Amino acid sequence: MAVRTPFIAGNWKMNLDHLQAVAFVQKLHWTLKEAGHEVGSVEVGLFPPFTDIRTVQTLLDADKIPFSLGGQDLSMKDSGAYTGEISGAFLKKLDCGYVIIGHSERRDYHAETDEVVSAKVQAALRHGLTPVICVGETAADLEEFGASAVPVGQLRVALEGVPSAADIVVAYEPVWAIGSGQAATPEQAQDVCAKLREVIVDVLGADAGERTRVLYGGSVKSGNIASYMREPDVDGALVGGASLVVDEFAAIVRYQKHVGV
Ligand code: PEP
């Protein structure tokens, strides 16, 4: 069985300017080092606002800080007259390995459809970025269709045209759990993550199903992360609010030290 390195990803959203980002990254690095965190046991990913990325990249490079870097979105286009858009090529040039695609806030506030998400996944892959494909149901979807139907459908569209060998990450983020403090139970997360893995196997094949990391996101905190990470199909977490507090995020990264894991 392929070993999937756990991935703890912090989506800062529209928080922390580039100066605050420097202080945050230095403190996070120092906190993990002081705690004796074993680098490599967990991949730590940071997803700052676009305006911070160059600064964070320079800091990670200069101080040899082993965090992965990613953008929170990208354009489906590669270049041209698209005011305000950011090309995947630019993210790649800044050493970003990842890009979040289809976060529920983009789907909701920017009317991103499944087709837009799919085009952005293709753009990410064209530029050698690993898309972190976010899927999840709203509270209304949950009531009408149950937990897995909507995220499964979203993932099927996002994976159209993706080659079997592509590196992707999938994040199951029930919209009702994001920023609400009302996290899914570990059993709920496991159930949908397992169904998403079945989609990966069905569309991209068994190898992709074995190696692809499926994350849970939605009100993840240091107090509940270990319960998700015990589940066989949950390979990490996409963390919003708690990724902005150094000690809390560091404790999430160090979930293996929590009792019972
Ligand atoms: C998110 O927005 O991706 C998220 C999971 O947020 P939070 O952790 O704050 O619920």
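Let's start at a pair of strands: Ile8 stands opposite Ala237 in strand E8. Strands here are DSSP runs (E) of at least two residues, helices are DSSP runs (H or I) of at least four residues, and both are numbered from the N terminus. E1 and E8 run parallel and are joined by four bridges; two strands count as paired if DSSP finds at least two bridges between them. Before going on, keep in mind that this is a predicted model, where local features need pLDDT of at least 70, side-chain atom pairs count only at pLDDT 80 or more, and totals for chains, interfaces and linings use all residues. Residues are numbered from 1 along each chain as its sequence is written, and side-chain values use heavy atoms, with hydrogens and water left out.

Ala237 has another partner too: Tyr216 is its bridge partner.

Now, how well covered is E1? Five of its five residues are buried, where buried means under 20% relative accessible area, exposed means over 50%, and partly exposed is in between (1.4 Å probe, protein chains only). In a regular strand the side chains alternate between the two faces of the sheet. For E1, both faces are covered: Phe7, Ala9 and Asn11 are buried on one side, and Ile8 and Gly10 on the other. E8 is also covered on both faces, with Gly236 and Leu238 buried on one side and Ala237 and Val239 on the other.

Let's zoom in on Asn11, which lies in strand E1. Asn11 has a relative accessible area of 5%, so it counts as buried. What does Asn11 touch, leaving out residues up to four places away in sequence? The list includes Phe47, Gln72, Ile100, His103 and Leu238, with contact meaning heavy atoms within 4.5 Å. Asn11 and Leu238 are 227 residues apart along the chain, yet their C-alpha atoms are separated by 6.9 Å. A polar atom of the Asn11 side chain also lies 3.0 Å from the backbone nitrogen of Lys13.

Over in strand E2 you'll find Glu43. Its relative accessibility is 18%, so Glu43 counts as buried. The side chain of Glu43 makes a polar contact of 2.6 Å with the side chain of Ser68. (A polar contact is a pair of N or O atoms within 3.5 Å; within protein, one must be able to donate a hydrogen and the other to accept it, and residues adjacent in sequence count only if both atoms are side-chain atoms.) Leaving aside neighbours within four places in sequence, Glu43 is in contact with several residues, among them Phe7, Ile8, Tyr98 and Arg213.

Next stop, helix H11 (residues 246–253), where Val246, Phe249, Ala250, Ile252 and Val253 are buried. These residues cover an arc of only 155° around the axis, which puts them on the same side of H11; the arc is that of the directions from the helix axis to the C-beta atoms. What covers them includes strands E1 (7–11), E2 (43–47) and E8 (236–239), along with helices H1 (18–34) and H10 (225–229). Ala251 touches Ser222 and His258, not counting residues up to four places away in sequence.

Finally, step back to the whole chain. The domain assignment, automatic or from a database, gives domain 1 (17–35 + 42–71) and domain 2 (78–242 + 251–261). Their C-alpha centres lie 21 Å apart, and the contact takes 14 residues from domain 1 and 16 residues from domain 2.

The largest nonpolar core has 65 residues, and Ile8 and Val25 have the most contacts inside it. (A nonpolar core is a set of buried Ala, Val, Leu, Ile, Met, Phe, Trp, Tyr and Cys residues joined through side-chain atoms within 4.5 Å.) Helix H8 (residues 186–204) gives the largest share of this core, seven residues. Both domain 1 and domain 2 give residues to this core, so it lies between them. A second, separate core of eleven residues includes Phe7, Phe47, Val169 and Leu238.
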